[in-house]
Amino acid sequence: MSLIEQRNRFLSFAFAAADILIETDLNGLTCYAAGATATLGEPSIESGGVDFSQRLDRTSRPIVTALMRSLKPGRRVGPVRVAVGGREAQLSAWLLGDDDRIRWAMSFSALNAPAEVDPQAFSRTAQGAIATARESGVPMTMSVLQIDGIEDINRLIGAKRADMLRQAVTAECTNTVGTGGVAKQVDTARIALIHPASADLKALCASIEELLQDNTLKNTRVRIDSIPDAPELEPEIAIQAFLHAVNMAADSANVLDVQSLQKVAAEMMEDTRRRMNEIRATIAGRVIEPHAQAIVELSTGKVAHYELLLRLPGGQPVSESVGFAESTGLIYEIDMAMVEIAANFLRDDFDRPALAVNLSGRSLENPAWGKKFLQMLADLRIDRRRLHFELTETATVKNVKAANAVIQKIRERGHRVCLDDFGAGAAGFQYLRDFPADVVKIDGSYMRHQKMDERDTAILQGMVSLCQSLKLDTVAEMIETEQRAKQMQALGVTYGQGYYFGKPLPLKMLSDPRRLPSRAA
């Protein structure tokens with residue numbers, strides 16, 4: 001080894017302060033490796049001639065290509081976040097300028113689940129980035145990168161090339177925001193960026209335009225619209241408001257053509273901040289009037305339990321607020337508040353009727369919420385058979401494993417679990433396979449037709465028969481007539497719910513068991 005090579009390697013180690021140092025040629029093939037190389041798999045990367053990028057997780061490989069594209073002699077790029085075997089690491093690269101080797105330094109973080117497994121990863125990482133930047137006095141910016149004209153990209157260049165292009169674009173964004181920022185694919189055409197205000201967005205646009213040209217996509221346009229961080233907002237609120245604004249903007253193309261994203265997003269964020277604070281104040285001050293609706297055993301007409309419903313004073317429904325809460329993350333606080341209300345109601349008097357509390361799938365898959373919730377359950381001093389839980393399908397569950405772990409512990413502690421809205425949207429047969437439940441509630445859409453034809457009856461009969469074979473009880477909701485109640489009983493449905501059995505009542509009216517309504521089917 002020449003003196004120059006020895007010096008360069010020494011400098012590389014001095015700059016690295018990393019777990020692994022790797023040298024590659026300009027094509028990314030390894031020439032030298034030292035450190036914790038076993039983490040990069042077999043055969044050993046130290047043998048040389050190995051494509052370094054292939055040792056990273058598939059979604060991180062384009063990041064290596066992006067870094068190599070941006071390298072210039074004497075310049076260091078990174079660090080950026082990559083993943084190896086699901087474990088997060090920081091990767092940097094540089095050219096010293098007097099040889100043809102790229103030096104790579106990789107440092108592993110504590111074990112982390114990748115974003116595909118942990119759907120809250122982006123929000124949590126973004127909040128951390130904002131908080132750290134504020135403490136350091138680094139101005140941050142929230143941006144949306146949009147590529148117009150790629151709606152039909154799979155047809156234009158083929159699905160495989162389209163997937164590779166999307167990965168390359170994401171890699172360029174990850175490289176640009178660095179470890180002080182975060183990038184998240186929102187949909188096919190948009191990526192949300194949380195980054196230092198100093199990030200070179202013009203260079204990012206140029207790099208992506210070059211990628212589009214390389215893939216013969218000429219009738220496209222790359223644009224980035226940005227708004228500055230709002231230091232007066234808590235990092236959690238700022239990120240939640242930004243994401244909600246981005247989601248709303250997806251359906252507001254006409255508005256965005258008239259006004260700048262800066263103004264629209266600022267208005268959305270201000271409105272989001274106001275609504276979030278209103279909901280938080282409502283929850284914290286218990287300025288709510290929870291109601292309960294009877295769920296009746298069809299064979300006897302007796303009330304089995306009541307579903308606890310969130311209502312504003314006067315019984316006003318809050319369906320719009322619940323949807324808003326799910327899109328901003330406030331659903332965690334609502335779910336916890338409703339569990340506390342139910343627990344207090346049941347703890348005060350052992351003669352009170354059983355209650356079922358709705359839990360959003362989004363809450364169940366949130367590790368922090370699940371830990372707090374399970375601790376609350378462990379501390380309860382009630383008959384656990386009188387507190388049931390319904391898993392709602394309004395927020396699509398992505399982390400099935402995390403949600404399933406919470407559901408299993410709920411059941412182990414003696415609580416019954418109901419799968420809500422079965423047969424609607426994503427709540428289908430896969431949910432029966434993925435989630436352990438005791439009861440299945442058939443979606444009310446099957447009850448809306450005044451007359452059920454043979455097709456409707458056959459579908460319902462099939463669902464009920466499947467549940468019976470799995471030893472699951474069933475609930476038919478939105479029952480409004482005696483005839484419909486009898487039809488459901490004839491099909492083998494276990495329980496019924498709807499105006500025929502009674503409208504939702506204020507929870508305080510159920511304090512006296514003698515006032516409980518019942519109606520035979």
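1. Start with helix α11. This helix is mostly covered, with 13 of its 18 residues buried. Helix α11 takes in residues 331-348. From its first C-alpha to its last it reaches 26 Å, close to the 26 Å expected at 1.5 Å a residue. Keep in mind throughout that the model is predicted.

2. The chain as a whole. Its secondary structure comes to 17 helices and 20 strands. Of the 521 residues in the chain, 50% are buried. Take the contacts between residues at least 6 apart in sequence: 65% of them join residues at least 24 apart.

3. Helix α5. The helix runs over residues 159-177. With 19 residues, α5 reaches 27 Å between its first and last C-alpha, close to the 27 Å expected at 1.5 Å a residue. Its buried residues are Ala162, Leu165, Gln167, Ala168, Val169, Ala171, Glu172, Cys173, Thr174, Asn175 and Val177. Gly178 follows α5. The phi of Gly178 is positive, near 65°.

4. How does α2 cross α5? Helix α2 covers residues 61-70. The two axes come within 8 Å and cross at roughly 60°. That makes α2 oblique to α5. The crossing is right-handed.

5. By type, the residues of the contact divide into six nonpolar, four polar and two charged. The α5 residues Gln167, Ala168, Ala171, Glu172, Thr174 and Asn175 are among those buried in that helix.

6. Helix α13 spans residues 367-379, and helix α14 spans residues 400-412. Their axes come within 11 Å and cross at roughly 0°. The two helices are therefore roughly parallel to each other. Gly370, Phe373, Leu374 and Leu377 in α13 meet Val406, Lys409 and Ile410 in α14. The residues of this contact divide into five nonpolar, one polar and one charged.

7. Leu377 deserves a separate look. This residue is found in helix α13. Is Leu377 buried or exposed? Leu377 is buried, because its relative accessible area is 0%. Not counting residues up to four places away in sequence, Leu377 touches Arg384, Phe389, Ile410, Arg413 and His415. One of these, Ile410, belongs to α14. The C-alpha atoms of Leu377 and Glu340 are separated by 9.7 Å. Those two residues are 37 residues apart along the chain.

8. Leu491 next. The residue lies in helix α17, residues 482-491. Its relative accessibility is 11%, so Leu491 counts as buried. Leaving aside neighbours within four places in sequence, Leu491 is in contact with Thr457, Leu460, Gln461 and Val464.

9. Arg221 has its place in strand β9, which covers residues 221-228. At 48% relative accessibility, Arg221 counts as partly exposed. Which residues does Arg221 touch, not counting those up to four places away in sequence? They are Gln146, Ile147 and Asp148. Arg221 and Gln146 are 75 residues apart along the chain. Their C-alpha atoms are separated by 8.1 Å.

10. Check the backbone at two loop residues. Most residues other than glycine have a negative phi. Thr216 has a positive phi, near 55°. Thr216 is found in the loop between α6 (201-214) and β9. Its relative accessibility is 56%, so Thr216 counts as exposed.

11. The other loop residue is Lys471. Its phi is positive, about 60°, although Lys471 is not a glycine. Lys471 lies in the loop between α16 (454-469) and β18 (473-476). At 74% relative accessibility, Lys471 counts as exposed.

Terms used
Residues are numbered from 1 along each chain as its sequence is written. This is a predicted model: local features need pLDDT of at least 70, side-chain atom pairs count only at pLDDT 80 or more; totals for chains, interfaces and linings use all residues. Side-chain values use heavy atoms; hydrogens and water are left out. Axes are lines fitted to C-alpha atoms, for helices over the stretch in contact, and angles run from 0 to 180 degrees between N-to-C directions. Helices (H or I, at least four residues) and strands (E, at least two) are DSSP runs, numbered from the N terminus. Angles under 35 degrees count as roughly parallel, over 145 as roughly antiparallel, 65 to 115 as roughly perpendicular and the rest as oblique. A crossing is left-handed if the near helix is turned anticlockwise from the far one by less than a right angle, and right-handed if clockwise. Ala, Val, Leu, Ile, Met, Phe, Trp, Tyr, Cys and Pro count as nonpolar, Asp, Glu, Lys and Arg as charged, and the others, Gly among them, as polar. The expected span of a helix is 1.5 Å times one less than its number of residues. Buried means under 20% relative accessible area, exposed over 50%, partly exposed in between (1.4 Å probe, protein chains only). Contact means heavy atoms within 4.5 Å.
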